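Visitor: Please take a close look at one part of this structure and say what packs around it. Give the cut-offs as you go.

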Amino acid sequence: MTRVLLLGGTGDALRIARQLGREHVYSLAGLGKVPDDLACTVRVGGFGGSEGMARYIEAQRIALVIDATHPYAAQISANAVTASRAARVPCWALRREGWQPQAGDDWRRVGDWAELTAALAAFERPLFTLGREPLAHLDDIPAHQFWTVRCLDPHEGNARVRILATRGPFTLEGERALFAAQAFDVVVSKNSGGSATEAKLEAARERGVPVVMLRRPPLPAVDREFERVADLLEALRIAV
Ligand code: NAP
């Protein structure tokens, strides 16, 4: 039997987890919703670094690790490769393609928070769609800016910031209404790829609003890489 450890926390990972039988394990960091309707075992919380994950792989007799975490979750992806090597099991990864700018798009690519704030300096009403990172910078909001931060975590706003604690997927109609009501002049985004949060790019395009795009972090090489869930599931059907 090939016992699989699936590292998740994304919609794509959940789609894979739904196809796994009871002998397999779906692992979540514990930040978002924990599904309670899966046939496979669900475990929640960190492993204690790559060494902890390697110990887990050995103790649970895992024969294959699948990294289906978010493309910006670089630490767990690095740990998955290190731990798999240490435990001598293969590591596969789902590496979803990023979005590409289309005609009419105005993307400003940045590598870190300092570059991001520099790129935002000329704007007044940014919409942040990066997750929780902006919450650590609420005391640094420039006097000429009003921020809207969309993330999973409920958090108190103030005169300079509004927090939208909502979870995707987001529809184009919803994004159009939000952009019209809030008059954003720039959107800040990760290049997550996929369709669940893509509508903001279309809404920005329609309104001629620039996008400050945080570059993807480098991820380690794996034994097999898949762009599409269907291809990974097919390979899994053959391997398991
Ligand atoms: P990260 O920086 O790569 O990981 C931080 C630590 O969280 C890891 O070292 C690990 O702790 C634990 N962890 C992460 N994913 C785990 C998993 N699937 N199972 C068990 N432990 C896990 O990750 P992050 O960027 O904070 O993201 C956390 C989770 O949210 C990820 O699973 C990711 O798929 C999901 N997510 C992230 C984003 C994003 O933009 N970063 C967006 C959507 C969803 P130990 O070292 O103790 O093992």
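Guide: P169 sits in the loop between β9 (161-165) and α5 (172-182); helices (H or I, at least four residues) and strands (E, at least two) are DSSP runs, numbered from the N terminus. The model is predicted, so local features need pLDDT of at least 70 and side-chain atom pairs count only at pLDDT 80 or more, while totals for chains, interfaces and linings use all residues. Residues are numbered from 1 along each chain as its sequence is written, and side-chain values use heavy atoms, with hydrogens and water left out.

The peptide bond from G168 to P169 is cis, its omega being near 0°. At F170, the charged end of R150 sits over the ring, 3.7 Å from the ring centre. A charge sits over a ring if NZ of Lys or CZ of Arg is within 6 Å of the ring centre and within 35 degrees of the ring normal.

Next comes the helix α5. Its buried residues are L172, E175, L178, F179 and Q182, where buried means under 20% relative accessible area, exposed over 50% and partly exposed in between (1.4 Å probe, protein chains only). These residues span an arc of only 125° around the axis, which puts them on the same side of α5; the arc is that of the directions from the helix axis to the C-beta atoms. In general, an α-helix has 3.6 residues a turn, so residues three or four places apart point the same way. E173 and A181 are exposed on the other side of α5. Just after the helix, A183 takes a positive phi of about 50°.

The cover over the buried residues of α5 includes β7 (126-129), β8, β9, β10 (186-190) and α6 (199-207), with contact meaning heavy atoms within 4.5 Å. Those strands belong to an open sheet of six strands in the order β6-β11-β10-β7-β8-β9, with parallel pairing; two strands pair if DSSP finds at least two bridges between them. β6 (107-110) and β9 stand at the edges with a single partner strand each, so one side of each has no neighbour in the sheet. From one strand to the next the twist averages 20°, where axes are lines fitted to C-alpha atoms (for helices over the stretch in contact) and angles run from 0 to 180 degrees between N-to-C directions.

Within that sheet, β7 and β8 pair in the parallel sense over two bridges. F128 has V149 of β8 as its bridge partner. F128 also belongs to a cluster in which ring pairs link W113, F128 and W147. Rings of Phe, Tyr and Trp (its six-membered ring) pair if their centres lie within 6.5 Å; planes under 30 degrees apart count as stacked, over 60 as edge-to-face and the rest as tilted. This rule gives six aromatic pairs. One of them is edge-to-face because the rings of W113 and W147 have their centres 6.3 Å apart and their planes at 65°. W113 lies in helix α4 (residues 113-120) and W147 in strand β8 (residues 147-151), so the pair ties together parts 34 residues apart in sequence. W113 counts as buried at 16% relative accessibility, and W147 is buried with a relative accessible area of 2%.
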